[in-house]
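Hi everyone, thanks for making time for this. Let me put the sequence and the structure up on the screen, and then we can walk through a few spots together.

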Amino acid sequence: MTKVKAIFGNFKRYWFLMTQLISRDFKVKYKRSVLGILWSLLNPILTMAVMAVVFSHMFRFQVEGVNYIVYLMTGIIMFNYFSQASRDAMTSVVENFTLINKVYIPKYIFPVAKCLFVGIDFLLTLIPWVGIILLSYVGLGEHTCYINWYYLLLPYIFFCMLLFTLGMGLLLSCLSVFLRDIWHIYGIVLTLWNYLTPVFYSIEILPPKLQFLMQFNPLYQFLTAARTIVLYGQAPSCQTLLILGALGIGMLAIGSLVFKKNQDKFIYYI
């Protein structure tokens, strides 16, 4: 309990610094950009449009009984958040080595700030996502997606994914201090992970054995829970919701323990 209070105390003490780091990332990302933050809205729409044409018309991917455009966009925005946040968090400690060398700052602030920064971008992408869902009412796609009370479970699903991403970010940022090759290795891992996650295809096209193995893919669990609500108008099972919570808390615990155990050694390797 004392450790939990200390963590929250540090967050309160260094909250101003965290907001400045997030603000700096926004300024760097949209520096000299004419549209600025509007790219956070346009990017998922343009990406979805390209992928929808490629996969639904060229490769003829479809998911029986659901709106494929919404299916695809749900997968894109959720996987992109995890991919971008974990990748940015991985390099955050090394990139801020000058600040770490000058003053004492809890080092976990940097990967956390990166995950929150990308999280704000993620929240902005939900605006066009909801817009696509509403457009399904007027004929966008073959099937209509109905907004229902189960949407109230989406913040829980997204929060669990945030915890999972934070844990992965802490773990990767720690590893990258000691092994810079992890930057290149993780890029390959993300590419493979993307194809092993049903972002643009249905799990039904896979053999039964691969469908069973897919259950152990954390991102599959997050995507499926969100799609169950949005595409099928149903609530995920209580077991699924418990699994999501366990994935988020478990990954955060692992990442935090590894980070805390090794953070005092960072100064010798940065």
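Predicted model: local features only at pLDDT ≥ 70, side-chain atom pairs only at ≥ 80, totals over all residues.

Let's start at Leu-196. If we set aside its neighbours within four places in sequence, Leu-196 is in contact with Tyr-201, Met-214 and Asn-217. Where does Leu-196 sit? You'll find Leu-196 in the loop between α8, residues 182–195, and α9, residues 208–214. Is Leu-196 buried, exposed or something in between? Its relative accessibility is 47%, so Leu-196 counts as partly exposed. One more number for this spot: the C-alpha atoms of Leu-196 and Leu-219 are separated by 9.6 Å, and these two are 23 residues apart along the chain.

Now let's zoom out. The protein has 12 helices and 0 strands. There are 270 residues, and buried ones make up 47% of them.

Next, a helix pair. We describe two packed helices by the angle between their axes and the distance between the axes. For α4, residues 68–95, and α8, the axes come within 11 Å and cross at roughly 170°. An angle over 145 degrees counts as roughly antiparallel, and therefore α4 and α8 are roughly antiparallel to each other. On the α4 side, the residues making the contact include Phe-79, Phe-82, Arg-87 and Met-90; on the α8 side, Trp-183, Tyr-186, Leu-190 and Trp-193 are among them. By class, this contact of α4 with α8 has 9 nonpolar, 4 polar and 1 charged residues.

Helix α4 comes up again in the core. The largest nonpolar core has 77 residues, and Met-78, Trp-129 and Leu-154 touch the most other members. Which elements give two or more residues to this core? They are α2, α4, α6, α7, α8, α10 and α11. Of these, α4 gives the most, with 17 residues.

Do click on Trp-129 if you have the model open. Not counting residues up to four places away in sequence, Trp-129 touches Val-70, Met-73, Thr-74, Ile-77, Leu-154, Phe-158 and Val-230.

Last, the cysteines. Cys-115 has 0% relative accessibility, so Cys-115 counts as buried. Cys-174, at 1%, counts as buried too. How many disulfides are there? With sulfur atoms within 2.5 Å as the criterion, the count comes to 0.

That's my tour, and I'm happy to take questions.

Key
Residues numbered from 1 in each chain as written. Heavy atoms only, no water. Helix = DSSP H or I, 4+ residues; strand = E, 2+ residues; numbered from the N terminus. Buried < 20%, exposed > 50% of the residue type's maximum accessible area, 1.4 Å probe, protein only. Contact = heavy atoms within 4.5 Å. Axes fitted to C-alpha atoms, helices over the stretch in contact; angles between N-to-C directions. Parallel < 35°, antiparallel > 145°, perpendicular 65-115°, else oblique. Nonpolar A, V, L, I, M, F, W, Y, C, P; charged D, E, K, R; others polar. Core = buried A, V, L, I, M, F, W, Y, C linked by side-chain atoms within 4.5 Å.
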